[in-house]
Structure formats: C-alpha cells, structure tokens
Amino acid sequence: MVGISELKRLFRRSKRWLVDGVILQGRRSRFSDKLIIETTNRCSLRCACCPNGNNVALRRQGIMSREVFDRVLANLDIPVKVCFLHMCGEPFLNPDLEYFCRRLMERKIIPTIFSNGYNINPDLLDKVLKVRGIKISFSMEIHSREEYESIRVPASHAKAQTCLEEIERHFSAAKKFYGLNVILRGNHDAGSVKEISRILFGRYPRLSNITFSSEWPWPGLPQTGDLAGHMTAHNSMCNQAKSLPAILWDGRVSFCNLDYSGEMIVGNAADTGFSQLVNNRESRRFRRRLAMRSVPGGSICSRCVLPRYNSFTLNITRGKMRTLMESGSTDYFYPADEYFRN
C-alpha cells in the first residue's frame, strides 16, 4: 500500500513534469536574489573537498578582468541582492577584488567572499576591508590539525593558525567581523560541536559566526562528500532549477553553479543581458530536463547525487553562543547528533 508521503512525492514529481516541463517548457519567472560571479577558478590549495583537489577535467583557468566584470555588471538587468565572488577558486588571487566589491556596492548588491584564508595578500585584504557592507568568511577547520590537513591539502595547520591570527589583527584594525566555515569530519556530536564553538569564539574576538557543515559531493565527484548513511531513496528537485546561473571568470554563464568543467554553458553575460540568458533556449532546455527527469547519460546532471544527499549545516552566532553558554543547553546542536550518528 502506498503511503501518504509517497503519494505527496509522486504528486510533486507529476506537477513538475506537467507544469515546469510540458506547460512552461522550462521557462521560469521567479529566481533567487543571490548570484555567483567567479572572480577566478585558480586556487592556492588543492582541497580534498573541491574539484581543484581531484584528478578531473577542469575548465581553462584564469582571472576575471575589470573589463569583463564591468561588462557583466552593465548587463545585470535583473534584481540581485547578494553576490558571491567565488565558485571554484580563491578570490584573493584576483588583484581587482576590491574594485569588484566597490562596484557591486554602488549597485546596492552585497559582496560576499568565501576564502581559504591561507597566505592571502594582506594589502589586498586591507583594501577589501575598506568597502562598507562587505561580508567575508574563511573556510578553515582550525580546531583540529587532523581534520584541517586532511581537507586543506597541502596546507599546514600551524601555518593556518598563523594566517588566521594575522587575519584577526587586520579585522580588528578595521573594526570589522568575519565568519568561519568549518567542515566536520569524523565522529562529532552536539557536545563536541558546542565545545569547538566555545573555543573558537573565545580565541578569535572578531569572529562573528561559524557555519558547520558536512562534506557534500560535487557533481560526479562522490569522493568529495560524506555519502555513507546520508543518501535518500529518491531525488529531490535540483535547487539549480530555481537559482540564477553562475557567471564564470571569462564572462561565460553556466546553468549550474557547480559546473567546474564548463559543460552547461548557456551564453556570455559580457555580451548579453542577463534577463535574456536565464530563459534562453539553452537554459530552458536544462530546466525542462530536470523537471522531466530526462537528463542525458554522461552529463554532469546524470553524475550528480546532490538531489539525494542529506547534508548537515548549522550556523551559530557569537550572541547565540553566549546565550547557550549561560543556559548550559546543547539542544541547538542536536542536528550534529542526528547527522553523525548515521
């Protein structure tokens, strides 16, 4: 006998097939207000959690120029509130990062940077920190040498500590705050995650928030994720069907913001208005295939397990941590118990 949950799943799948695939033919009018502009796909590390650290075919590497960025920004004719200046690389390798941030703020778009924080240019960091409204987070498992060095290849944990201490000094001088992105490996529970949070907030005064997450798999790269015990029986709808396409360092636009190999190009934002690209023939074709579950074999979509993967994400702010320390509760960290007990 078919259960209620199964009936709901079948209904949602049929609705996507009929409405998104057949009636709308992949056309979409509402999107997320977040956009990715890849400032570079070069990186200073070869992390185990990233395509750059795995033996796979990558796109040609390069750094976005001011000219390309200005043309892209001029063609950005849809509402965007947040712009992530990273995708497959280290944004602080682009010497024009501060210029990009300023230009975005002129458009009232919040620049958001995720960096590995390893040997970044301190002068460039100071320039970026002068841009009001910018958000920066550093991906560093600084709490554990074993976890850090198994992920951030070939970085040294001791060197990373020195780098973060220097970052802390620059943020303190600028009177600004930063976040940490921390991938958890191995055995963790609510108590250990709370203790890690306590230590990090105590050690780094300019740290405003920590985002803990599991290792999630890039398309076609299951080795970059923690799959054991975290796969569902059925695919969910791919989030990319509802998201804006990503703008790559050379101005080309990819339907998927995880497209490290350049398989899903739908146009060039340096030459064409973005509103035309999101619903052009190529974009509608990709969206229609996702809705109708008809992705071609061998494509990046057919190799992607993310729609079946149950990830773990937990964000804690300094203020929330203070409240939890006063109460002594670990309930907020329960998602860690739920994830790591599998």
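**Cavity**

I started with the largest cavity, which has a volume of about 40 Å³. A cavity here is a set of points on a 1 Å grid over the protein atoms alone where a 1.4 Å probe fits but cannot get out, and lining residues have an atom within 4 Å of a point. Grid points are joined across faces, edges and corners, and the volume is the space filled by probe spheres set on them. I searched the whole structure and got 1 cavity of 30 Å³ or more.

Some housekeeping before going on. I am working on a predicted model, where local features need pLDDT of at least 70 and side-chain atom pairs count only at pLDDT 80 or more, while totals for chains, interfaces and linings use all residues. Residues are numbered from 1 along each chain as its sequence is written, and side-chain values use heavy atoms, with hydrogens and water left out.

Which residues line the largest cavity? I listed Asn41, Asn52, Leu58, Arg59, Gln61, Cys88 and Tyr260. By class, that lining has 3 nonpolar, 3 polar and 1 charged. For the classes, Ala, Val, Leu, Ile, Met, Phe, Trp, Tyr, Cys and Pro are nonpolar, Asp, Glu, Lys and Arg are charged, and the others, Gly among them, are polar.

**Pocket**

Next I checked the second largest pocket, with about 190 Å³ of space. A pocket is an open set of points with protein on both sides within 12 Å along at least five of seven lines. I found Phe11, Arg12, Lys15, Arg16, Val19, Asp20, Arg28, Met237, Ala241 and Lys242 lining the second largest pocket.

**Helix pair**

I then looked at α3 (residues 97-106) and α4 (residues 122-129), whose axes come within 9 Å and cross at roughly 10°. That makes α3 roughly parallel to α4, the word used for angles under 35 degrees. Axes are lines fitted to C-alpha atoms, for helices over the stretch in contact, with angles from 0 to 180 degrees between N-to-C directions. Helices (H or I, at least four residues) and strands (E, at least two) are DSSP runs, numbered from the N terminus.

On the α3 side I noted Leu97, Glu98, Cys101 and Arg102, which meet Leu124, Lys127 and Val128 in α4. The contact has 4 nonpolar, no polar and 3 charged residues.

Is His157 buried or exposed? His157 counts as buried, at 9% relative accessibility. Buried means under 20% relative accessible area, exposed over 50%, and partly exposed in between (1.4 Å probe, protein chains only). I placed His157 in helix α6 (residues 157-174). Leaving aside neighbours within four places in sequence, His157 is in contact (heavy atoms within 4.5 Å) with Glu141, Ile142, Ser144, Arg145, Tyr148 and Glu149.

I also looked at Pro154, in the loop between α5 (145-151) and α6. The peptide bond from Val153 to Pro154 is cis, with omega near -5°.

**Positive phi**

Most residues other than glycine have a negative phi, and most peptide bonds are trans. I noted Gln25, not a glycine, with a positive phi of about 55°. Gln25 lies in the loop between α1 and β1 and is partly exposed at 37%. Arg293 also has a positive phi, near 55°. I found Arg293 in the loop between α9 (281-292) and β10 (313-317), partly exposed at 42%.

Methods: Parallel < 35°, antiparallel > 145°, perpendicular 65-115°, else oblique.
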